[in-house]
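Have the model open while you read.

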Amino acid sequence: MAETTTPDIARSLSRAVRILRILAGPHASGLALTEIAKRTGIPRPTAHRLLRQLIVDGLVAMRKQHKYVLGPLAFELGLAAASWFDFRSRYQQSITKLTEITGDTVYLTARSGFDAVCIDRREGASPLKGLTVSVGSRRPLGVGVGGLAIISELPPEEIEEIVIENASRLDQFKNLTLDTMRVLIAETQARGFAVSGNLVTLGVTAVGVALFDARRRPYGALCVAARNERMRSSRQESVARLIRDETEKICAALVE
């Protein structure tokens, strides 16, 4: 048997990571092999081979009905990395303040490659809650208000790369197409903040503002979500100003 070459190893590793990203999405019961192959674009036999190895290594586990989920090692690695990459504590005061002022659901989104991941969420006092995403849920970048706020702040060529890469995944969201995504990004850029209403979660409208690092690269977003009747267009701009006040304070602290 010929020895595996370095490019082959790199390709297999890249494909394995792609599988892990898909499994990290909002799939409570896991994903079947066919669905994993479809969403990753990896041939079914190759995906099956990689999954078998990931199971051996503890990064993937199989549940009932041959559904695959993230394994125990993925959890352990996440805990080990938290001390280096968990920036939630930086935003706790702002999240608390926004929750108290708006009375709505506030959540923090982080960029992860071509995805957006919800890393924190706080519910307000309003009985009409905008529970759009749960902590740990993952969506294609641009889907949902947090990802939309992030992608809209990237350079045009990077935006197009991400949109094209994620195009095959948009069929999971009935109201989203490639053309719709481009329109949403253009509207967000013109408006200065992101708005997502009824596109991902019916009955819920959310407002989001991007977070920037010291180089002015967007790495996350701070968002407020509410039922449609609490987040009409007349209120969206005032909520965006509240969020921006908090994001600017934090971003300014990063460059001091």
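## Cavities

Searching the whole structure turns up four cavities of 30 Å³ or more. A cavity here is a set of points, on a 1 Å grid over the protein atoms alone, where a 1.4 Å probe fits but cannot get out; points are joined across faces, edges and corners, and a volume is the space filled by probe spheres set on them. Keep in mind that this is a predicted model, where local features need pLDDT of at least 70, side-chain atom pairs count only at pLDDT 80 or more, and totals for chains, interfaces and linings use all residues. Residues are numbered from 1 along each chain as its sequence is written, and side-chain values use heavy atoms, with hydrogens and water left out.

The largest cavity holds about 100 Å³ of space. It has 13 lining residues (those with an atom within 4 Å of a point), and Tyr107, Thr109, Val133, Arg139 and Val143 are the closest to its centre. E3, E4 and helix H6 (145–151) each give two or more residues to this lining; helices (H or I, at least four residues) and strands (E, at least two) are DSSP runs numbered from the N terminus. By type, the lining splits into seven nonpolar, five polar and one charged, counting Ala, Val, Leu, Ile, Met, Phe, Trp, Tyr, Cys and Pro as nonpolar, Asp, Glu, Lys and Arg as charged, and the others, Gly among them, as polar.

## The sheet

E3 and E4 also belong to an open sheet of six strands, ordered E5-E4-E3-E8-E7-E6 with antiparallel pairing. Two strands pair if DSSP finds at least two bridges between them. At the edges sit strand E5 (138–140) and strand E6 (194–197), each pairing on one side only. From one strand to the next, the twist averages 30°.

Strand E3 (residues 105–112) and strand E4 (residues 115–122) share seven bridges in the antiparallel sense. Look for Ala110, which stands opposite Val117 in E4.

## H1 against H3

Helix H1 (residues 6–23) packs on helix H3 (residues 44–56) at about 80°, with the axes 10 Å apart; axes are lines fitted to C-alpha atoms, for helices over the stretch in contact, and angles run from 0 to 180 degrees between N-to-C directions. That makes the two helices, H1 and H3, roughly perpendicular (65 to 115 degrees). The contact (heavy atoms within 4.5 Å) includes Ser12, Arg15 and Ala16 of H1, along with Thr46, Ala47 and Arg49 of H3. Its residues come out as eight nonpolar, two polar and two charged.

Key. Angles under 35 degrees count as roughly parallel, over 145 as roughly antiparallel, 65 to 115 as roughly perpendicular and the rest as oblique. On a 1 Å grid over the protein atoms alone, a cavity is a set of points where a 1.4 Å probe fits but cannot get out, and a pocket is an open set with protein on both sides within 12 Å along at least five of seven lines; lining residues have an atom within 4 Å of a point.
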